[in-house]
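I opened this notebook to keep track of what I looked up, entry by entry, in a single protein model.

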Amino acid sequence: MIGTQRCIYFVFLLCSVSLNILLVGKYVYVNGGRRWEEVVGWSKKAAEEAEAVAAISCSGHGRAYLDGLVVDGSPICECNSCFGGPDCSQFSPSCVADVNRFVRFEELGKQLIRSLHRFRMKVRFEELGKQLIRSLHRFRIKVWNDTFKLERFFDLSDGDPVFLEPFWIQHAASSAVVISGWHRMSYTFSDQTYISHELEKLIRHLHAIVGNANTTGRFIVFGAGSTQLLNAAVNALSPRNSSAPAKVVATIPFYPVYKLQTDMFRSVDFQFEGDTSLWKNSTASSNLVEFVTSPNNPDGKLNRAVLEGTNAKSIYDHAYYWPHFTPIIAPSDEDLMIFTISKLTGHAGSRFGWALIKDEDVYGKMLNYSRFNSLGVSRETQLRALKLLKVVIQREIFDFSCTTMKDRWEKLSKALFMSNRFSIQENSPQYCTFSGKVRRPSPAYAWLRCEKEEDKECYNVLKEAGIIGRDGSLFGANSSYVRLSLIKTQDDFDILLHKINKLVGEELDGGKSSM
């Protein structure tokens, strides 16, 4: 009995001592002079900073960022098109090509100098101006003496997929990433590769859920967006030491980067040769590399390879083969398929893409290209992609994205329905295996055509109306076409719709007056 009591007392004593050690340890300085609570709570300050910036009010027409421009100690709002002011609440109703806004050096300088003073920087106005001009050019700001002239164009020329931003705001907690200062500092993962195998498994799972690609028996290579992978694929498919470079082709209208990037590298192994149709009936033994964009950029068509034969190789660019842009008609089962996170989640700035490759030799060449070009994709990008795709596989994002794109296409089609001057591509319904329904495509871009001969320079016609699109000639088509982006912010789309309605209204009013 006495022995049992002693044992019980000993256990209680041991528990008491352990508890006191833990309580005292909380206040003991460890790890180079920092308290224990500071060591284990290192993410708290980072989270507070991120949430503080996210809470900055930009009136729903802009956003503040941790890495944005800081004025008076706080990040400032970056406003959507046609909105301005400290909180993006000031709308420019005449946001068109012929309206100019002037900002004097003194006014702009005062705002910036306050920020620069905290770094004890002394900057002359003219020196500051020279540095600013290069950055301001992207906003179409011209300079006369001491005045900036801002041309208030409404620019729809780019493919920034920020229409998905509201979804990620609604899913802030599940998509947030906190990265420690010591996160994966090595060049490689622990297995000496450049690829997160958890992310690779998740990508395969994603394709199985969506049903847009067969990953069985495929190797996966990561890249800095699809852009890096496109040239890695061309490089891998072009034979070495050939008597003539491989001919790289694409069907008009095609994504301009195919030509621009191929030309930029000026390789002895490949060169861009234009439209695929020029080589369809060729009897020459030339090596051919065909870009097949499906859905196509700019017109959204589900293209198939045109060229056949042992010397013809295809690169399937499936950047837009996701449910919000097109019905998923079947899993793509091609030898080389390229996807990107930018058009799936909207995170274009994260620069993450992947290629599904059947041939092991082609896989090895693309892997080496990525290794020598950039030592793989950054570990931070892979971590963010992993976090985002965990949200994507819950499928809610497709409810939001499909509804948004369907709504935009219905409104745009309705606005142009009565017009004889402008037209957009037809989108025929197809059965979608993902949704289990027959539905129309809702492409990322409207491929608008000016129908009248006097409007053959369609880009200029729209520019006069205050809309900046991307000239059809850039896609190898004629200048009667213009690509308009439908995947930007809701503000951007609303303004586009307003201007289209105004154009069509003027057309209809003109027709009535001539009767």
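The entries below follow the order in which I went through the model.

**Entry 1, the kind of model.** I note at the outset that this is a predicted model, and I read each value below as computed from it.

I took Cys58 and Cys77 to begin with, which are joined with an S to S distance of 2.1 Å. The torsion about their S-S bond is about -90°, so I record this disulfide as left-handed. I then looked up where the two partners sit: Cys58 belongs to the loop between α3 (43-54) and β3 (62-63), while Cys77 belongs to the loop between β5 (74-75) and β6 (78-79), so the pair ties together parts that are 19 residues apart in sequence. Both Cys58 and Cys77 are buried.

I turned next to Cys79 and Cys88, which form a disulfide with sulfur atoms 2.1 Å apart; the angle about the S-S bond is -85°, and the link is left-handed.

The remaining entry on bonded cysteines concerns Cys450 and Cys458, with an S to S distance of 2.0 Å. The torsion about the S-S bond of this pair is about 65°, so the disulfide is right-handed. Cys450 and Cys458 are both buried.

Which cysteine sulfur is nearest to that of Cys402, which is in no disulfide? I find that it is the sulfur of Cys432, 7.3 Å away. Cys402 has 21% relative accessibility and counts as partly exposed; since buried means under 20%, I note the value beside the class. Cys432 is likewise in no disulfide, with the sulfur of Cys402 as its nearest cysteine sulfur, and at 0% relative accessibility Cys432 counts as buried.

I located His318 in the loop between β17 (312-317) and β18 (336-340), and with 3% relative accessibility His318 counts as buried. Setting aside neighbours within four places in sequence, I list the contacts of His318 as Ser294, Ser332, Met337, Ile338 and Phe339.

I traced an open sheet of four strands in the order β20-β23-β26-β25, paired antiparallel. The edges are β20 (422-423) and β25 (470-471), each of which has a single partner strand, so one side of each is left without a neighbour in the sheet. Between β23 (residues 445-450) and β26 (residues 481-485) I find antiparallel pairing over five bridges, and Ala446 stands opposite Leu484 in β26.

I looked up its volume, and the second largest pocket holds about 810 Å³ of space. It is lined by 27 residues, of which Lys406, Trp409, Arg440, Pro441 and Ser442 are the closest to its centre. I then asked which elements supply at least two residues each of this lining, and found α14 (396-416), β20 and β22 (437-439); the largest share, nine residues, comes from α14. Sorted by class, the lining has eleven nonpolar, eight polar and eight charged residues.

Terms used:
Residues numbered from 1 in each chain as written. Predicted model: local features only at pLDDT ≥ 70, side-chain atom pairs only at ≥ 80, totals over all residues. Heavy atoms only, no water. Disulfide = S-S within 2.5 Å. Buried < 20%, exposed > 50% of the residue type's maximum accessible area, 1.4 Å probe, protein only. Contact = heavy atoms within 4.5 Å. Pairing = 2+ DSSP bridges. 1 Å grid on protein atoms, 1.4 Å probe; cavity = no way out; pocket = protein on both sides within 12 Å on 5 of 7 lines; lining within 4 Å. Points joined across faces, edges and corners; volume = space filled by probe spheres on them. Nonpolar A, V, L, I, M, F, W, Y, C, P; charged D, E, K, R; others polar.
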